There are 2 protein chains.
Amino acid sequence: MVGIRFGIFYEHQLPRPWEDGAERRLYRDALEQVEIADRVGFDYVWEVEHHFLEEYSHSSAPEVFLAAASQRTRNIRLGHGIVQVPPPVNHPARVVERVATLDLVSDGRVDLGTGEASSMAELGGFGVPRGEKRAMWEDAMEALARMFVEEPFAGWDSKYLRMPPRNVIPKSLQKPHPPFWVACSRRETIHFAGRKGIGALSFSFTEPEDAGVWVEEYYRLLASEECVPAGFAVNPNVAVVLPMMCHEDEATAIERGIDGAHFFGFALAHYYGTSPHEPGRTSVWDDFVSHREAQGFSREVISADDAPLGVRVTRRGTGSLRGAIGTPAQVAELVRRYEAVGVDQIIFVLQAGPNKHEHICESLELFGEQVIPRFAEGREEKEREKAERLAPAVEAALARRDPPRRQAPYRIDEAAELAHARRTVPTGDRTLGDLLTAGRQALRAKGRRAFARFVSARSDDELERGFGPAAQRAFFAAMVRAFDPETAMGFKGEIEFRLRRAGVETPWTIEITGDRARVRPGAAEDAIIGIRGGVADFLRLVAGEAQPPALVLEGRLEIDGDLAIAPRIGEMFGGPSPY
Amino acid sequence: MVGIRFGIFYEHQLPRPWEDGAERRLYRDALEQVEIADRVGFDYVWEVEHHFLEEYSHSSAPEVFLAAASQRTRNIRLGHGIVQVPPPVNHPARVVERVATLDLVSDGRVDLGTGEASSMAELGGFGVPRGEKRAMWEDAMEALARMFVEEPFAGWDSKYLRMPPRNVIPKSLQKPHPPFWVACSRRETIHFAGRKGIGALSFSFTEPEDAGVWVEEYYRLLASEECVPAGFAVNPNVAVVLPMMCHEDEATAIERGIDGAHFFGFALAHYYGTSPHEPGRTSVWDDFVSHREAQGFSREVISADDAPLGVRVTRRGTGSLRGAIGTPAQVAELVRRYEAVGVDQIIFVLQAGPNKHEHICESLELFGEQVIPRFAEGREEKEREKAERLAPAVEAALARRDPPRRQAPYRIDEAAELAHARRTVPTGDRTLGDLLTAGRQALRAKGRRAFARFVSARSDDELERGFGPAAQRAFFAAMVRAFDPETAMGFKGEIEFRLRRAGVETPWTIEITGDRARVRPGAAEDAIIGIRGGVADFLRLVAGEAQPPALVLEGRLEIDGDLAIAPRIGEMFGGPSPY
C-alpha cells in the first residue's frame, strides 16, 4: 500500500441562466476555495483547460487562474491539467513558457497534465482532426519535453510542428521539468500512461475495484521494458476523480452535492456525446432539468441503502454517480478502498453545477479536519518506500529514452526558416494520399449527416420497414468500410449485434483483427460485447439521435460484456467519439 | 493639457552569465517591485510578450506573471502588452480567453496591448512571414475584438484564421472589452493607431518635442473620418517608454541606472537589427561590454552637462539614452515636458540589464513620494475634460465601425468544421500554383544561401572581376524574377542602382509597377531612391554580409531619396527583411 494524496479539481462550471457578474464571482469564489484547500492540507489543485464548453467549463485559461492562486497559497501543488497540447490549440513553445513561468512564480509547485481534448466543440473549433490527435500528443510531448531541457532546443521537424533551434526561456525551477501526467478516460490510455512513464489522470469515474486493476496494469507496464518515458523523469502516479460533498449529516451532504455531481455527469455526456449544441443558445441546465431522470440522474435513486458511495451503476440506472458525497466517516471509508488498491491520489470535484460556495468551503474544512489526518500518518515513509522500490525500473526506463540533443552552432536565419516553415506546416505539402484521405473524410461526414437527416425524418415504423436484411447487410458493409484502426487502438475481437425487427432477431458479427474489420451474418463465437435492440433504436443510436444510457435505462437496448467498449463503437466506425 | 499617468515596464532582462536560481529571483523581485509600484501610486504595470530573446527578455508568458501580480496589488492596471497576435504564435481565441480571465481575477484591471513582434528570432521561430505580419494583426484584431462581444462569436474565415461559430468564454469584466493598444515604433504606426482608435504604445525612445508631433497627428487622425475603430470602444491614449532611475544624488542615479539603460538599447539593436545570434551560445552581455563604446553607449558621455535627461542623440554618439535617470527634480522636469505636449502616459523601464533590485525599489519609492504628487492634482478633472472633448468624435468613429454580428442558429458539426478547416488553413490544400510558389521559394532560399557562400569566399577584387556587365544583367534579371509584390506593399516607382567597377559606374534601373518589376540598363527618369557603390560592397550587401548603416557610415555606399525604402529593397526581392 502506498500513501494517498488529495486534490481538488476545477472546471469552473456555470449553469445557465447567467447573471451579471456571475463569472467574476465564480473565479473569486474558486480562489477562496483554493486558499482553504491549501490551509487544511490538500496536496493539489487541478484545473483543466477547456474551450467553448458553455456551462460545463468556463476554464479556458488555467494558466491565469493557477498563477493567481500561486500567490495566495503556500504548499498546494498547482496541477496545470490537462493542457491541450495539439499545436493548433497551443504552440508547444508557449506551453513550455507558461509552465516554466508558473513554476518560477510558485517556487516549483507545478505538475503538468497533458491531453488532446475530445469534445466536438473543441476539435471542430480548433481544427484538430480526431484521428490525429493522439499522434499530435505524442509528437508535441516529445518536442515540449525537449524544450524544457535542451539549451538551446535543437528544433523540430514533424508533420505537426516545425520549429528551428531556439532557446526556450525561462526554464522551470523543477529539474528536469515539472512532473508530467496524461488524461486517461479508458483502460487503453492508462496503459499508454504506463508505457510513457507519466502520471495517469483518470477522468472516467472508476470504482475502487476497477481502479485496482488499472493501477496494477499501469505499474506493471511502467516497470516493464515497454516503458519508454515521455519525459526526462518518470512520474509514477495514478489519480482518480470523484465528485465530493461532505457533511456530518448524510442527507445534508446529498442535498448539497448530488445536483452538482449529476449535472457534471450530464453535461459531460452532453459535450462528449453526440448531443446537438448551438453555441450561445443551448441551455445544458434546462436540458438537465428536463432529462436528468431519463438519463438516470434521478435525485430519487440516491439514498443510503440504494446508492452507496462510489460510482457503481445502481440497479435503477446508470447515472447515480454519488461519488464521495456523504459523512466524513463514509468518505474516509471510500478513500480507504481506493488507497487499498494502490491509487496514489484522489481528486475531488466540489465546484460542479449549482453547488454553493459556502457548502464547498464547509466541505473542504470538514475533510481537512476529519479525513486527511487519517491518511497523513506514515504517508511520506510509504512514498519513500515506493520510490525506492521503483528506482531500478525508473532508471532502466530512462536509459531507454533518447537523451537531450546537443545543437551544433546554429545561426538564426529568418528567411531560410520561413521558407522551411512555409514548406512544412502541418496541413501543407500534402501527398496525393493525404488528399484522398481528406476527400474520403469529407464524403464520410457528408454521408453521416445525410444518414442522420434520413433517420431523424422517419418514424420507428418507417425505419423498421425500410431496414430489412438487404439494408442491414449494406449498412454493416458500410460500417466496416468506415472502420478506423487508429481509434480502435489495438482492440481485437468480435462485436455481436442482434437487431430485432417485427419480433424477429437477426444476428450480425463484426470481427476486428488489428487493422481490419469484417462483417458476417450470424452470431459471434466469442463476442467481447453484444448489443441487442430494435432496429429503429439501433439506427437512432448510430445516427447520434439517441443516447446509449437512456436506451439502456428504458430497457430498449441491452449491452452485455465489456461495457468500456460500447461507447467507442461509433468512433471506431467513423462516428463521433463520446470522449 | 491632459493629465499624465505613470507606468512601469517589464522585459524581465537577465544578462549572462546565468547563475542557478537567477530566473526565479528575477521573477520574485519583479513581483515585489510591482507591489511597491501599486502602493506608491503608479497607474500601470506593463509586461511584454517575447520569445527566445535570451538576456533581452525572459518574459515569454506575461499572462502568468500578470495574473500572479493581480493578487498582490489593488489598484494598478495590468498592461498585458504587447501580446503577439499573429495566429501562428497565439490563437486569437486563446488570447481572448486569457485576457478575459485575467480581467476577472483582477476585478477589471486589464489593458490589452497588441503587436506582431518583429525580431528575426520570433518571426523565424514561429514561421510568421514578415511581409504578412501587419495583415495578420489587422485580421486577428478584428476577430478577437468580436470574440469579446459576440455571443456566440459568429466565426471567422480568412487567410490567417478559420474558426467556426463558438461562444468564447469567459467574458471580460470590462465592457465591451479591456482597452486596446498597439505597439508603435515608427511614425506610421502611430498614425495607424490613430486611425484604429486605439492607444499608441510608443516603444521607440522619443524626445518630448517629437512626441508632441506624434500626439498631435495621432489625435488629429483619431478625430477624423479616417478613424474606424479596431475595438468596440475607442481608447484615446499615447504612451511613451523611457529608462528610469531616481536618486537624490544625480551621480548616484546615473551610476545605478545607466548600464541598464544602455544594455536595453544595445540588446534591442542586437535582436531587432541584423546581428548574428546563435541560440544558447551568443552572449549579448559580452558583446555589450566589448562594443558599447563603438555603438555610442559609452558610460563616459553621460554627465550632467553633456547628456541631459531624455533620449536626444548626444554630440558624441548615437546612444546616450539617458532617459529619466536623475534626481526627482530632474525627472519631474522631464515628465513636465512630456505632459506639456499631451503625452498621456510615461512608462518607465527600471528593470534593465544589470540594474539592482534594491535600487529599483528605492527609485520607485522616491518617485512615488516626490514626483507622482506633483502630477496627481487635478488629473482626473483634466481626464474628464478630455473625454468630454473627444466624445463626439469617438461616437462618430464607433458609428463607422461594423457592429457585432448576430449568429443565426448554428449547430456544432465537427466533421464539417474539420473538413472546412483543412481546406482553408493558410498553407493547407494547396493548388498547383501554391506548390509552384513553394518550390520557387525553396529554390530561392537555396540559391540565396549558395550566393552568400559564393560572395563570402571571395575577395573584393575577385568579386569585381567576376561581376562584369553580363553578370550584372543576369543578376538584376534574377532580382526582378524574385520580386514579391506582397512585401512591396503597394510601392511604385523606380529604383536606380549605380555600380562602380574599375572606376566606371554602370547604371541600372528597376521599375516597380504594382505587382510587377522590370529591369533595364541605364539611369532612371525619376528615381524614388538611388543607391550607389562599388560592385563588391553591393554584392556583400545583397548577400547579407555587410550592413547598410555600416557601409554608409564608412562612405562606401550612398543612398539618395526616400530612405525609408532602402532597407526594404532586399525584402522586396526575396531577401531577408530588416524589420
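## Polar contacts and the predicted model

A polar contact is a pair of N or O atoms within 3.5 Å, where, within protein, one atom must be able to donate a hydrogen and the other to accept it, and where residues adjacent in sequence count only if both atoms are side-chain atoms. Counted in this way, 26 residue pairs are in polar contact between chain B and chain A, both residues of each pair being at pLDDT 80 or more. The model is a predicted one, and the values below should be read with that in mind.

## The interface between the chains

On the side of chain B that touches chain A, the elements that each give two or more residues are helix 1 (22-40), helix 2 (62-70), helix 3 (92-105), helix 4 (120-126), helix 13 (414-424) and helix 14 (432-456) of chain B. The residues of this side of chain B divide into 45 nonpolar, 20 polar and 27 charged.

In terms of contacts, 92 residues of chain B meet 92 residues of chain A. Together the two chains bury about 7,700 Å² between them, with 60% of that area on carbon and sulfur atoms. Of the area that chain B buries against chain A, 10% is supplied by Arg94(B), Glu414(B) and Arg422(B), which is more than any other three residues supply.

## How the two copies are related

Chain B is superposed on chain A by a rotation of 179 degrees with 0.6 Å of shift along its axis, and the RMSD is 2.6 Å. That is the relation of a two-fold axis. The same surface serves both copies, as 97% of the contact residues of chain B recur in chain A.

## Salt bridges across the interface

Side chains of opposite charge can pair when their charged atoms come close. Eight salt bridges are found across the interface of chain B and chain A. One pairing joins Arg98(A) to Glu63(B), with the closest N and O atoms 3.7 Å apart. Both of these residues belong to a network of salt bridges that links Glu63(A), Arg94(A), Glu97(A), Arg98(A), Glu63(B), Arg94(B), Glu97(B) and Arg98(B).

Asp107(A) forms a salt bridge with Arg24(B), the closest N and O atoms being 2.9 Å apart. This pair crosses between chains, from Asp107(A) in the loop between helix 3 (92-105) and strand 4 (110-115) of chain A to Arg24(B) in helix 1 of chain B. Asp107(A) is partly exposed, with a relative accessible area of 47%, and Arg24(B) also counts as partly exposed, at 31% relative accessibility.

## Salt bridges within chain A

Over all chains, the count comes to 86 salt bridges. In chain A, the side chains of Arg337(A) and Glu209(A) meet in a salt bridge with an N to O distance of 3.5 Å. This pair links distant parts of the chain, with Arg337(A) in helix 10 (residues 328-340) and Glu209(A) in helix 7 (residues 208-222), 128 residues apart. Arg337(A) is partly exposed at a relative accessible area of 26%, and Glu209(A) is partly exposed at 41%.

Arg299(A) and Asp259(A) also meet through their side chains in a salt bridge, at 2.8 Å from N to O. Here Arg299(A) lies in the loop between helix 9 (284-291) and strand 10 (324-326) of chain A, while Asp259(A) lies in helix 8 (residues 250-272), 40 residues apart.

Terms used. Residues numbered from 1 in each chain as written. Chains lettered and ligands numbered in written order. Predicted model: local features only at pLDDT ≥ 70, side-chain atom pairs only at ≥ 80, totals over all residues. Heavy atoms only, no water. Contact = heavy atoms within 4.5 Å. Buried area = accessible area lost by both parts, 1.4 Å probe. Salt bridge = Lys/Arg side-chain N within 4 Å of Asp/Glu carboxyl O. Helix = DSSP H or I, 4+ residues; strand = E, 2+ residues; numbered from the N terminus. Nonpolar A, V, L, I, M, F, W, Y, C, P; charged D, E, K, R; others polar. Buried < 20%, exposed > 50% of the residue type's maximum accessible area, 1.4 Å probe, protein only. Least-squares fit on C-alpha atoms with pLDDT ≥ 70 in both.
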